[in-house]
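Subject: Handover of a structure, with notes

Dear colleague,

Please find the structure we spoke about below, together with its sequence. I would be grateful if you could read the notes after it with the model open beside you.

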Amino acid sequence: MKRVVIVGGGYAGTSLARALDPWVETVIVEPRDRFVHNVAAIRAVVDATLLDRIAIPYDRLLKRGHIVRDRALAIEERSVTLASGGAVEGDVIVVATGSRYARPFKPEAGSVPSFIAASRANHQALLAARSVAIVGAGAVGVELAGEIATAFPAKKVTLISGTPSLLPSYPAGLGRKLEAQLKRIGVSLRLGVPARAPKSNDTPFSGDIEMSAGEPLTADLVFPTTGAKPVTDALRTLPGVTLNALGRVVVDPWLRPTASSHLFALGDAAAPAGDHMSIIAIERQQPWLAKALRAIHDGTPIDSLPPYTPWPVAPILLPLGPSKGASVLPFTKTGLVVGGLPTSLIKGRHLFIPRYLKDFGYA
């Protein structure tokens, strides 16, 4: 193995490239000129000064490898076709194209400046708003409600969820802790009554929100937070690739989307059994794949390696501002639910910003 081509310069792609860089040429195909640490983009809605620290250039990430600033049109077993008309070939191709999310939480492809401008504009809109509604009570919606209520206690914040409890796919104690804390900081919860199709699914807006039951809700500013959408366009035409109900690429126990041992996928675009779309899942996938690729480089057949196994319990870290929140840690058979202090120490205080600045050479 002489070259590994990684499609996608997000969390999965860059962490894998950094792990491989000391021993193999690594090429990242990515249209943006900067990495966006979107974990901190939620708090950047209330604190726009963070925007100067969470858009990090790629130029110091790799020593042996390099970035090809282009968009992948199609992926084959050992090559990536580029939007510019060329192609990049490699001994191994890794798909790490990630997911899309509504603004201002993730940038659109190739447009970091517009993401920053939109985030600043939404921050100004938030400052002017007296009432805020959040449509969708997944991880982003819950965290955003906590950030706004903590930073601006005088604003009326309403969190709307179609489920009768928060985060029902996790241990019940997580939702109970979050619900209690959100109520204590003044967030109004509308649980079990979903909103009808909002005016916009990808950008904040103002006005009425039609509810499936009861009176419409009116807010000065409405954030749609209805979930991430996996980016798998470049893989769809490859023979043997299948998608699950969420649109993620189905992979085998060795993170292969096809029968080829030269093509792998990880991160939000892929769907290893048991893994959610989260950075914490990548923290487990990336070390396994880096180790597997090193073994392949040394001549070991991939099928003879121990298969990838997900976390025994899907972990999640959910701060509600710098000092509150709740998390599920992957300890015990059912997961360990913890509250504000551990969540703050692990994530809430700094949102991993110092870590990613260091990883990209900008400590």
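This is a predicted model: local features need pLDDT of at least 70, side-chain atom pairs count only at pLDDT 80 or more; totals for chains, interfaces and linings use all residues.

Residues are numbered from 1 along each chain as its sequence is written, and side-chain values use heavy atoms, with hydrogens and water left out.

An open sheet is formed by 5 strands in the order β5-β2-β1-β9-β18, and the pairing is parallel. Strands here are DSSP runs of E with at least two residues, helices are runs of H or I with at least four, and both are numbered from the N terminus; two strands pair if DSSP finds at least two bridges between them. Because β5 (66-68) and β18 (263-265) stand at the edges with a single partner strand each, one side of each is left without a neighbour in the sheet. Neighbouring strands of this sheet are turned by 25° against each other on average, direction ignored, where axes are lines fitted to C-alpha atoms (for helices over the stretch in contact) and angles run from 0 to 180 degrees between N-to-C directions.

Strand β2 (residues 25-29) runs parallel to β5 and is joined to it by 3 bridges; the bridge partner of V29 in β5 is V68. Helix α1 (residues 11-20) packs on the sheet, where it touches β1 (3-7), β2 and β9 (92-95), and the direction of α1 makes about 165° with that of β2; contact means heavy atoms within 4.5 Å.

How many residues of α1 are buried? The helix is mostly covered, with 8 of its 10 residues buried, that is, under 20% relative accessible area, whereas exposed means over 50% and partly exposed lies in between (1.4 Å probe, protein chains only). The buried residues of α1 are Y11, A12, G13, T14, S15, L16, A17 and L20, and what covers them includes β1, β2, β3 (34-36), β9, α7 (279-297) and α9.

**Salt bridges**

The structure holds 14 salt bridges, each defined as a side-chain nitrogen of Lys or Arg within 4 Å of a carboxyl oxygen of Asp or Glu. The side chains of E147 and R43 meet in one of them, at 2.9 Å from N to O. This pair links distant parts of the chain, as E147 is in helix α5 (residues 139-151) and R43 in helix α2 (residues 41-44), 104 residues apart. E147 is buried, with a relative accessible area of 3%, and R43 also counts as buried, at 9% relative accessibility.

D52 forms a salt bridge with R120, with the closest N and O atoms 3.0 Å apart. Since D52 lies in helix α3 (residues 51-54) and R120 in helix α4 (residues 112-128), the pair ties together parts that are 68 residues apart in sequence. D52 is exposed, with a relative accessible area of 60%, while R120 counts as partly exposed at 35% relative accessibility.

D33 forms a salt bridge with R34, the closest N and O atoms being 3.4 Å apart, and D33 counts as partly exposed at 33% relative accessibility. Finally, a network of salt bridges links R18, E283, R355 and D359.

**Surface patch**

L341, L345 and I346 make a nonpolar surface patch of about 290 Å². Patches are made of residues with over 30% relative accessible area and no salt bridge, like charges being joined within 9 Å and nonpolar side chains (Val, Leu, Ile, Met, Phe, Trp, Tyr) within 5 Å; accessible areas come from the Shrake-Rupley method with a 1.4 Å probe, and for residues only the protein chains shown count as cover. L345 is found in helix α8 (residues 340-348) and counts as exposed at 53% relative accessibility.

**Backbone details**

Most residues other than glycine have a negative phi, and most peptide bonds are trans. A cis peptide bond, with omega about 5°, joins R103 and P104, and P104 lies in the loop between β10 (99-100) and α4. T332, although not a glycine, has a positive phi of about 65°; T332 is found in the loop between β21 (325-329) and β22 (336-338) and counts as exposed at 52% relative accessibility. L351, likewise not a glycine, has a positive phi of about 55°; L351 is found in the loop between α8 and α9 (353-359) and counts as buried at 1% relative accessibility.

With best wishes
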